[in-house]
Amino acid sequence: MTKWIAARRMALLMAALCLVDAGGANRLWAASVSTARATEQGAALPVVGVEDWAVYGTAYSYQHDAAVPGGGVVIVSPGTKPVEPWSSGATMPLPHGIVAGEPVSAVFWARAARDTRVTIGFQGSAPGYARFASREVMLTPQWQPVTIEGIAPPDIATNPQSLSVPLGLAGVDVRLGPVAFQRGKADAAKAMRAFAAFRPAQVVEDVRIPSETGVMLAGTLHLPVMPARAPFPLVLLIQGHGPNGRGGFPEIIRYLTAHGIAALEYDKRGVGQSSGVYKEDIARLSADAAAAVAAMRRRPDIDGRRIALVGHSQGGVIAPAVAAADPGIAAVVTLAGSVGDGLPALRRALVNQMVAAGRPRDVATAAIDAVITLLQARIDGKDAATVANLRAAVVARFEAARFARPQAEGALAMIDTEEAQGANKLHSASDLRAIHCPVLAVFASKDPLVIAADEAAQARLALADNPRGNVVVLDGLSHWFQEGAVTGGEEEIARLGPNAGSPRLVNLVVGWLVQAFAEARPQGGVALH
């Protein structure tokens, strides 16, 4: 979510208004069908690269191996606490367009450090993860193509399906290569021809980024397959509120590398394979993003003069903060990033959210004013009796807004925190005003968390003196920038595809970045395409 503001209002409204958790944006599918495709007799046969495997529950890394088609491998480490087969493993979404009752198959490359028996399958999404196909296979130390096939279930249109490789009990490193999906029964010869023709669109590399003392960020660098064109411009992708790891921007990364632009994503501190203590502290998270920029500038294959920041939600506040302190940043894109300074911005945002959720403005204003008064008292160090009275006033105001007592008390527990008080130190509007490079601020009309009508207006004010500042509101999209949103709520996420996967958004952002990098290109540098 966008900075603390979005985080706390999310928590408040989850408890009281049954709205959504924007952190879920980054717990979505980590991938979709790769743009790298082989063709057979004129029909597209998707071959999906290893960057699209979504590994969960354990550590993983990437490696080059010429023995597997495309040369890319993801190494899935043994789970630290092997309890169930599904406690760790890897998944990959089935391609779009498959219809109920249609035969579907997948062939993927795999090997294990020693003979290991696993049960693979095709399965639905949460909460049931119902399987419509399964097969037990023996993985060996030699690379082998593994095949599975089944019949698409009746609910495939509303319940996205994935290829699943549970590895919780494997006990050894398992290496996974690319995947060839087929509509219809498995055709081994056709799959092998597709693999032979497969040329990955990107090279994936593990990186480790030193930040503050005790913090080492685990990242993935996606490099275009154009070695003669290096050094590449680079986009640093910054995720939203919550304990989020890599995997939140698959479609944007895919289009960036296809246009000759490198992309870096990383696990938040204390999350995934990054060390340190996880805490939603904007200053510390901004320091991590700045450290990632510095690390990329030290690489000979990255053009340090052409580094842009793309931040979603909370990341849309971190990106301007980093750019305001670093005039060398080439461009900034914010996706559903709240705009404002301090507690007044929090007040405005929370009132707008309550109004959007159906509360009368006067009732919403009274409730949120009580919240802000409490937070200010905490910041000013008021005595315990004063704080206790203000806490009671918050509960009373929310009850007056027709919240049940447990909901009102739950909202108070979520809002009366040290993290909430930190909103007083945020200054995304001031940061935007301080930036002189190109800025693109994107909002979504169905966003229930960052209300586009108000936030876009605030962004335009903040960027009024920047001739290269642009503000765009995309109609019909939610906070997660997916096509097909109806309510904009979290309940729609799983069936609408990857986070930030709207083709309108992807084309807008990548097209705009190509132009921004072109303007920043040094004389004689390589043009993007």
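Modeller: The following account begins with the whole chain and then turns to the sheet and its surroundings.

This is a predicted model, in which local features need pLDDT of at least 70 and side-chain atom pairs count only at pLDDT 80 or more, while totals for chains, interfaces and linings use all residues. Residues are numbered from 1 along each chain as its sequence is written, and side-chain values use heavy atoms, with hydrogens and water left out.

The chain has 13 helices and 20 strands; helices (H or I, at least four residues) and strands (E, at least two) are DSSP runs, numbered from the N terminus. Of the 529 residues in the chain, 58% are buried. Here buried means under 20% relative accessible area, exposed means over 50%, and partly exposed lies in between (1.4 Å probe, protein chains only). Among the contacts in the chain with a separation of 6 or more, 73% are between residues 24 or more positions apart; contact means heavy atoms within 4.5 Å.

The sheet itself is open and has eight strands, in the order β13-β14-β16-β15-β17-β18-β19-β20, with mixed pairing. Its edge strands are β13 (202–210) and β20 (469–474), each of which pairs on one side only. Neighbouring strands of this sheet are turned against each other by 20 degrees on average, direction ignored. Two strands are said to pair if DSSP finds at least two bridges between them. Strands of a sheet pair through backbone hydrogen bonds, either parallel or antiparallel.

Strand β14 (residues 216–224) contains T220. T220 is buried, because its relative accessible area is 1%. The residues that T220 touches, not counting those up to four places away in sequence, include Y62, V204, E205 and R246. With R246 there is also a polar contact of 2.9 Å between the side chains. A polar contact is a pair of N or O atoms within 3.5 Å; within protein, one must be able to donate a hydrogen and the other to accept it, and residues adjacent in sequence count only if both atoms are side-chain atoms.

H241 counts as buried, because its relative accessibility is 8%.

Further along the sheet, strand β17 (residues 302–312) runs parallel to strand β18 (residues 331–335), and five bridges join them. In this pair, V310 stands opposite V333 in β18. Helix α5 (residues 315–325) lies across β15 (232–238), β17 and β18, running at about 145 degrees to β17. Such angles run from 0 to 180 degrees between N-to-C directions, with axes being lines fitted to C-alpha atoms, for helices over the stretch in contact.

Strands β19 and β20 also pair in the parallel sense, over six bridges. The chain crosses from β19 through α12 to β20, and this β-α-β crossover is right-handed. That term applies if, with the strands pointing away from the viewer, the path from the first strand over the helix to the second runs clockwise. Within this pair of strands, V442 stands opposite V472 in β20. Helix α12 (residues 452–462) lies across β19 (439–444) and β20, running at about 170 degrees to β19.

The charged pairs remain to be described. Side chains of opposite charge can pair when their charged atoms come close. A salt bridge is a side-chain nitrogen of Lys or Arg within 4 Å of a carboxyl oxygen of Asp or Glu, and a search of the whole structure finds 25 of them. One of them joins the side chains of R297 and D326 (2.9 Å, N to O). R297 lies in helix α4 (residues 282–297) and D326 in the loop between α5 and β18, so the pair ties together parts that are 29 residues apart in sequence. R297 is partly exposed, with a relative accessible area of 32%, whereas D326 counts as buried at 17%.

Another salt bridge joins the side chains of D454 and R348 (2.5 Å, N to O). This pair links distant parts of the chain, with D454 in helix α12 and R348 in helix α6 (residues 342–356), 106 residues apart. D454 is buried at 18% relative accessibility, and R348 is buried with a relative accessible area of 18%.

The side chains of R305 and D303 likewise meet in a salt bridge (3.4 Å, N to O). R305 is exposed at 56%, whereas D303 is buried at 5%. Finally, a network of salt bridges links E212, R269, R284 and D288.
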